[in-house]
There are 2 protein chains.
Amino acid sequence: MNKIIECVPNFSEGRDIKKIEQIAEVFRSKEGVKLLDYSADKDHNRMVVTAVGEPTAMYHTLIEAIGLAVKLIDLRTHQGQHPRMGAVDVVPFIPIKNVTMEEAIALSKDLARVVWEKFSLPVFLYEKSASAPHRENLAAIRKGEFEGLKEKMQQSEWHPDFGTNAPHESAGAVVIGARMPLVAYNVNLNTNNIEIADAIAKKVRFVGGGLRFCKAIGVELKERNIVQVSMNLTDYTKTAIYRAHEMVRMEARRYGVGVVGAEVIGMIPMQALVDSAVYYLGIEDFSANQILENRLME
Amino acid sequence: MNKIIECVPNFSEGRDIKKIEQIAEVFRSKEGVKLLDYSADKDHNRMVVTAVGEPTAMYHTLIEAIGLAVKLIDLRTHQGQHPRMGAVDVVPFIPIKNVTMEEAIALSKDLARVVWEKFSLPVFLYEKSASAPHRENLAAIRKGEFEGLKEKMQQSEWHPDFGTNAPHESAGAVVIGARMPLVAYNVNLNTNNIEIADAIAKKVRFVGGGLRFCKAIGVELKERNIVQVSMNLTDYTKTAIYRAHEMVRMEARRYGVGVVGAEVIGMIPMQALVDSAVYYLGIEDFSANQILENRLME
């Protein structure tokens, strides 16, 4: 596999094991696609699939999976804690290797068009594929959920990118787009004062005047009697994890608080860690070609 | 490819392009083996091949390459700056992925037996495959070179591990064994005093009472008017690069000297850099499975 794209589609089914397995099987059985993980949550009534593969193979696999989900999942009888607006709720494409963001955006738009044409399922493009700034954010598009969709789609700023201005009767609508891989990175502090974690979070995050690709909140780790600054780094190539880490440390200093550890939640691209090693060790002129595994994957 | 082993055979031919290409072609044309790099040096009159592959495929490829080199290269007329004792001088096996050191040792011994049986080429086992401590070090085995081999092999401590106590008439003998990947890592200092680099090198290296898997010397970088501590880390899983780095920094402090950068020369396993990122960031409970590329290579 030379070109690799990741896709993390969310399906609104977290309870019916048979349907969950049917959807997973679509990703499992395809040449050029590898199912890395899938998990279903009963409370959320939602299923998250993580797959990687060659872009064209991924595209065809998703058409099949979306078609199946539209057939299997009926939002009119769907209940769950997680907000959702469709049988297939969101389909993010993430460029991983030898795929540019432009290619990922093009793929998401190709899929969007086909999904409307084949399944009469209206599509909103989001993130890097969005057709307007107010449509970049998933939460904004999804606000009102399936139940509010019919009314929302009649407003001119919420017409879909593909499809007529009405939801699919049982499957609602789907959000498709390309985004950078997200790194979930938490920094632990040696205090149990949540106000300190909150105050630091507000300073390091983008909306508070902090780092461009950083979202952050304060979180209590009650069992350990400490707090943490919990961050989502939405572009680790520009907002490196070491920079977010050191900025938390810097802000903590004024409270006399120290950093006592960190966590990576879920998957992380190798380069995000390599960039930090190169920074702390001060390695000069380092090339990704020097990493043995990069040569192995060629 | 599930199991991956690296092999870096050295051949005593660095001048005849036709012969060099013939040898490279053996590695290029094999299913399950990937030729990563090869380079030939006229002064050294030596060729170094870097290949990775599935262990059995690598084994068969090496039999073919060694057979070809024995046919093509005649040490009786060979001259070059680099010490050498055979047409195929040394064949190191390096476990990379899902291969234990024990398996790499077993493979090296299987190859050693076949090389003697097929080509009447005596074999010395070295490094982790060595049959005695005085035979672990390549330089010790190779001392006296091709020209002194006949006499040396008659001494009981230098009988070969496979073969009779006499060299192959034209191809000498070959050294085969398994070793850990070697990381060449240099730390630059903000002084041009080579005595300081030498003094630090002596303290951080194993023979001077320093780190177990560290070899080190002081080196002048005349163009930049600085010096460096140039290290070979012979087991990065036990002597991590960040530990060597911080020990150089610590020793430099007493001279009022600071670290101004570092270099990785050649290839480095991803894990060596990840270990350093995890150390400096203080990431807790980190698993290699969280690295996306590790999942891709499965």
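## Salt bridges across the structure

Over all chains, the count comes to 30 salt bridges. The structure is a predicted model.

In chain A, the side chains of A:Arg76 and A:Asp74 form a salt bridge, with N and O 2.9 Å apart. A:Arg76 is partly exposed at 49% relative accessible area, and A:Asp74 is partly exposed at 27%. A:Arg76 also forms a salt bridge with A:Glu169, where the closest N and O atoms are 3.2 Å apart. This second pair links distant parts of the chain, 93 residues apart. A:Glu169 sits in the loop between helix H5 (145-152) and strand S7 (174-178) of chain A, and A:Arg76 in the loop between helix H2 (55-72) and strand S5 (88-97) of chain A. A:Glu169 is exposed, with a relative accessible area of 61%.

In chain B, B:Lys238 and B:Asp235 meet through their side chains in a salt bridge of 3.8 Å, N to O. B:Lys238 counts as exposed at 54% relative accessibility, whereas B:Asp235 counts as buried at 3%. Elsewhere, A:Glu21, A:Glu25 and A:Arg28 are joined into one network by salt bridges that share partners.

## The interface between chains A and B

Contact between the chains involves 43 residues of chain B and 43 residues of chain A. The buried area is about 3800 Å², and carbon and sulfur atoms give 67% of that area. On the chain B side, B:Leu281, B:Leu292 and B:Leu296 lose the most area to chain A, together 18% of what that side buries.

Two salt bridges are counted between chain B and chain A. In one of them, the side chains of B:Arg224 and A:Glu284 meet at 2.8 Å, N to O. The count of residue pairs in polar contact between the two chains is 20. Elements of chain B that give two or more residues to this side include strand S3 (33-41), helix H7 (241-253) and helix H9 (292-296). H8(B) gives the most, with seven residues. By class, the side of chain B that touches chain A has 26 nonpolar, eight polar and nine charged residues.

## Aromatic pairs

Nine aromatic pairs are found over all chains. The ring centres of A:Tyr242 and A:Tyr280 are 6.3 Å apart and the planes stand at 75°, so this pair is edge-to-face. A:Tyr242 lies in helix H7 (residues 241-253) of chain A and A:Tyr280 in helix H8 (residues 270-281) of chain A, so the pair ties together parts 38 residues apart in sequence. A:Tyr242 counts as buried at 15% relative accessibility, and A:Tyr280 counts as buried at 13%.

One aromatic cluster is formed by A:Tyr242, A:Tyr279, A:Tyr280, B:Tyr242, B:Tyr279 and B:Tyr280.

Note on methods:
Residues are numbered from 1 along each chain as its sequence is written. Chains are lettered from A and ligands numbered from 1 in the order in which they are written. This is a predicted model: local features need pLDDT of at least 70, side-chain atom pairs count only at pLDDT 80 or more; totals for chains, interfaces and linings use all residues. Side-chain values use heavy atoms; hydrogens and water are left out. Contact means heavy atoms within 4.5 Å. Buried area is the accessible area (1.4 Å probe) that two parts lose on being put together, summed over both. A salt bridge is a side-chain nitrogen of Lys or Arg within 4 Å of a carboxyl oxygen of Asp or Glu. A polar contact is a pair of N or O atoms within 3.5 Å; within protein, one must be able to donate a hydrogen and the other to accept it, and residues adjacent in sequence count only if both atoms are side-chain atoms. Helices (H or I, at least four residues) and strands (E, at least two) are DSSP runs, numbered from the N terminus. Ala, Val, Leu, Ile, Met, Phe, Trp, Tyr, Cys and Pro count as nonpolar, Asp, Glu, Lys and Arg as charged, and the others, Gly among them, as polar. Rings of Phe, Tyr and Trp (its six-membered ring) pair if their centres lie within 6.5 Å; planes under 30 degrees apart count as stacked, over 60 as edge-to-face and the rest as tilted. Buried means under 20% relative accessible area, exposed over 50%, partly exposed in between (1.4 Å probe, protein chains only).
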